[in-house]
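Let's take a friendly walk through a protein model. Please have the sequence and the 3D view open as you read.

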Amino acid sequence: MGRFRDALAGPGLAGLAEVKRRSPSAGDLRPDADPASLASAFASSGAAAVSILVDGRFGGSVADLRAARASTAIPLLAKGFFRNGRELAELKEAGADAVLLLLRDLDDLQAQALIGRAADLGLDALVEVHDAQELGRAVRLGADPIGVNARDLSTFEIDRAAQLELVSRAPRERVVVAESGISARAHGAAAELAGADAVLVGSALMRASDPAAKLAELISRPLVKVCGLTREDDVAVSAEAGADLAGFILARESPRRAAEVLPVPDTMLSVAVLVGELREEPADLVQLYPRDGGHRGRDGVLLRRGEEVARVIDLPWQQQDPTHLARARAEKGRVVLAGGLGPENVGQAIESVRPWAVDASSSLELEPGVKDQARVRAYVAAAR
């Protein structure tokens with residue numbers, strides 16, 4: 001495997017930033033896009049690799065690949081509709097580290113030949129799939145990395161739920177890239193928790209006033225969770241402030257118990273908070289605590305479809321602990337830091353722990369279940 005795959009396989013969610021001037025589905029996006037300056041800016045903003053459209057239908061060319069190569073040393077993906085080995089050789093000469101191969105346009109013999117030719121040239125092949133049949137073909141062909149496109153290239157419709165299902169079914173030893181439809185941190189987080197190693201983002205970056213800043217925003221951590229929500233107005237304010245996760249406490253003993261998991265905007269993931277008993281809820285994620293003496297236990301887990309995807313490091317029930325941050329800092333894997341956080345201390349806690357997400361509830365209230373919307377805004381801003 002080459003350096004493109006290795007760059008996407010690192011810890012955390014990798015960003016694969018795309019340069020494209022137009023899209024067949026959306027028309028002009030950024031007609032004056034300069035691949036050299038954009039590739040350099042993306043690298044400075046944390047991109048693991050950059051995708052360059054080299055197809056004229058997207059306003060691209062091989063010259064764009066050469067320009068990007070001259071401006072940055074990070075891995076480059078040449079993206080187009082490739083069918084023969086001569087094209088791959090030209091892309092390698094122009095500076096590509098990887099090429100995109102679309103299984104919808106290739107039979108297995110063609111795909112195998114192109115994967116082999118790419119390997120001979122020292123190129124990684126990002127093999128793109130859109131449905132379960134194509135995913136099965138990619139796995140049998142030994143594809144690594146595998147791209148899972150949320151966009152149906154026949155209709156141009158986006159289906160992120162179908163994408164997440166395919167991502168979750170891909171072999172964990174393969175590098176998986178979630179492609180298309182990523183325009184908010186929550187979209188990338190959903191893909192990450194489903195098993196994606198990276199997200200490919202194009203249109204959202206090209207439409208942004210500052211593409212590099214938009215990339216940094218999409219891959220930034222920690223995520224910010226506002227918990228103890230019971231009212232639609234407070235959900236809306238949390239979303240408008242930039243929170244990524246909306247928590248609804250469903251434990252019977254909580255004074256801020258929600259009647260149900262409320263609808264959340266597309267830019268957020270919903271989290272059902274349960275104590276003592278796991279049950280199915282209409283939420284993207286479940287935060288589960290053990291029950292201890294009639295109230296929640298100290299620490300919990302974050303679950304996606306019953307599978308643990310993060311640890312929740314919290315304070316003891318209605319108690320303080322001076323070792324709280326040190327204990328969270330020592331935890332391996334994704335950490336959701338909860339307990340006593342608010343606008344005044346969340347920045348310092350993030351600096352100390354570097355968690356995957358932060359979680360606040362009671363410190364943001366006027367009374368149990370009713371948020372102080374000014375403090376919600378201040379907390380989210382301080383966490384950024």
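What follows is a short report on some strands, helices, salt bridges and single residues.

## Before we start

This is a predicted model, in which local features need pLDDT of at least 70 and side-chain atom pairs count only at pLDDT 80 or more, while totals for chains, interfaces and linings use all residues. Residues are numbered from 1 along each chain as its sequence is written, and side-chain values use heavy atoms, with hydrogens and water left out.

Helices (H or I, at least four residues) and strands (E, at least two) are DSSP runs, numbered from the N terminus.

## A strand covered on both faces

Let's begin with strand β8, residues 146–149. Ile146 and Val148 on one side are buried, and so are Gly147 and Asn149 on the other, which leaves both faces covered. Here buried means under 20% relative accessible area, exposed means over 50%, and partly exposed lies in between (1.4 Å probe, protein chains only).

Which strands pair with β8? One is β7 (residues 124–129), which pairs with β8 in the parallel sense over three bridges; strands count as paired if DSSP finds at least two bridges between them. In this pairing, Val127 stands opposite Ile146. To get from β7 to β8, the chain passes through helix α6 (residues 132–140) in a right-handed β-α-β crossover. Right-handed means that, with the strands pointing away from the viewer, the path from the first strand over the helix to the second runs clockwise. The other partner is β9 (residues 176–179), which runs parallel to β8 and is joined to it by four bridges. Gly147 stands opposite Val177 in β9. The chain crosses from β8 to β9 through helix α7 (residues 160–169), and this β-α-β crossover is right-handed.

Helix α7 has four buried residues to look for: Gln163, Leu164, Leu166 and Val167. They line one face of the helix, because they fall within an arc of 165° seen down the axis of α7. The arc is that of the directions from the helix axis to the C-beta atoms. These buried residues pack against α6, β8, β9, α8 (185–194) and β17 (300–304), where contact means heavy atoms within 4.5 Å. At the N-terminal end, Asp159 caps α7 with a side-chain oxygen 3.3 Å from the backbone nitrogen of Ala161. The cut-off for such a polar contact is a pair of N or O atoms within 3.5 Å; within protein, one must be able to donate a hydrogen and the other to accept it, and residues adjacent in sequence count only if both atoms are side-chain atoms.

Now turn to helix α2 (residues 35–44), where Pro35, Leu38, Ala39 and Phe42 are buried. They cover an arc of only 100° around the axis, which puts them on the same side of α2. Their cover includes β1 (14–19), β4 (49–53), α3 (62–71), α9 (203–207) and α10 (211–219). Asp34 caps the N-terminal end of α2, with a side-chain oxygen 3.1 Å from the backbone nitrogen of Ala36. After α2 comes Gly46, whose phi is positive, near 105°.

## Salt bridges

How many salt bridges are there? The count comes to 33, taking a salt bridge as a side-chain nitrogen of Lys or Arg within 4 Å of a carboxyl oxygen of Asp or Glu. One of them joins Arg172 and Glu307 at 3.6 Å, N to O. Arg172 is in the loop between α7 and β9 and Glu307 is in strand β18 (residues 307–313), so the pair ties together parts that are 135 residues apart in sequence. Arg172 is exposed at 52% relative accessibility, and Glu307 is partly exposed at 39%.

Another salt bridge is formed by Asp359 and Lys225, whose closest N and O atoms are 2.7 Å apart.

## A residue in a loop

Finally, find Ala258 in the loop between β12 (245–249) and β13 (269–275). Ala258 is buried, with a relative accessible area of 4%. Not counting residues up to four places away in sequence, Ala258 touches Leu229, Thr230, Phe248, Ile249 and Leu250.
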